[in-house]
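Please read them alongside the coordinates.

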Amino acid sequence: MTDFTPLALPEVILVTPRRFGDGRGYFCETYVKPRFEAAGIRADFIQDNESLSATPGTVRGLHMQAPPFAQAKLVRVLKGAIFDVAVDVRKGSPTYGQWVGATLTAEKGEQLFVPQGFAHGFATLAPDTHVAYKVDGLYDRDSERGIVWNDPDLAIDWGIDGDAAVLSDKDKVLPRFKDFDSPFTFKVAGA
C-alpha cells in the first residue's frame with residue numbers, strides 16, 4: 001500500500017509507495033489513480049518530464065506556470081537525492097508565502113505531490129541526480145513564472161552552500177517574492 005502524508009502545508013503530500021523486494025531488487029507501483037484519488041489527489045496527469053543534474057547543489061526553481069496552464073506535479077527521484085520545496089503562492093491563503101520541503105531519494109522512493117498554486121523547486125544532494133515528475137498541464141513558455149530560489153523573505157533552508165549553488169541563467173534573474181504578482185488565488189474548499 002502507498003503511504004500519503006500531508007506536510008506542514010497540508011495540500012503538499014509526501015507519497016511513499018510500498019516496495020516489494022527480493023534478491024533481484026524490488027517492485028513498486030509509483031502511481032495508481034484510484035489510490036491517489038482516495039487520498040485527495042485528483043490531478044489528471046497528462047505529461048511526464050525528466051531532468052538530469054550532474055553536479056550536487058544544482059538548484060532548479062522556484063517555478064510554476066500561470067493559469068490556464070497551471071500544473072500540479074508529482075515528483076520522484078530515479079537516481080540520487082534532492083531536497084524538494086513547495087511555496088504557497090495563492091493570494092489570500094492563510095499559508096501564503098510559507099514553504100515546506102522534503103528529502104526525496106532514489107533509495108527510498110519517496111514522491112512529493114505539489115498542487116497548482118504552489119511554486120516548486122529542488123536542490124540536488126548527489127551527483128548525477130535524475131528526477132522524474134508527472135504534470136497535469138502541458139508546458140507553455142508564455143505562462144512560465146518564478147521566484148528567485150534564495151529569496152531572503154522566504155528564507156528556505158535548502159541544505160546546501162548558497163555560494164556553490166549551480167543555477168541556470170534564467171533562474172538567477174527571477175524576481176523576489178515581494179515583487180512577484182501571483183496569478184493564483186486561494187479558494188476555500190466547497191466554495
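1. A charge sits over a ring if NZ of Lys or CZ of Arg is within 6 Å of the ring centre and within 35 degrees of the ring normal. Arg 19 meets this with the ring of Tyr 26, its charged end lying 3.9 Å from the ring centre.

2. The model is predicted: local features need pLDDT of at least 70, side-chain atom pairs count only at pLDDT 80 or more, and totals for chains, interfaces and linings use all residues. Residues are numbered from 1 along each chain as its sequence is written, and side-chain values use heavy atoms, with hydrogens and water left out.

3. Strands (E, at least two residues) and helices (H or I, at least four) are DSSP runs numbered from the N terminus; two strands pair if DSSP finds at least two bridges between them. Strand 3 (residues 19-22) and strand 4 (residues 25-28) run antiparallel, joined by four bridges. A hairpin of two residues connects strand 3 to strand 4, and Gly 21 stands opposite Tyr 26.

4. An open sheet of six antiparallel strands has the order 1-2-11-7-13-5. Strand 1 (3-6) and strand 5 (47-53) are at the edges with a single partner strand each, so one side of each has no neighbour in the sheet. Strand 1 is joined to strand 2 (residues 13-16) by four bridges, with Val 15 as the bridge partner of Phe 4.

5. Rings of Phe, Tyr and Trp (its six-membered ring) pair if their centres lie within 6.5 Å; planes under 30 degrees apart are stacked, over 60 edge-to-face, the rest tilted. Phe 4 and Phe 36 are edge-to-face, at 5.1 Å centre to centre and 90 degrees between the planes. Phe 4 is in strand 1 and Phe 36 in helix 1 (residues 33-38), 32 residues apart. Ring pairs link Phe 4, Tyr 31, Phe 36 and Phe 45 into a cluster.
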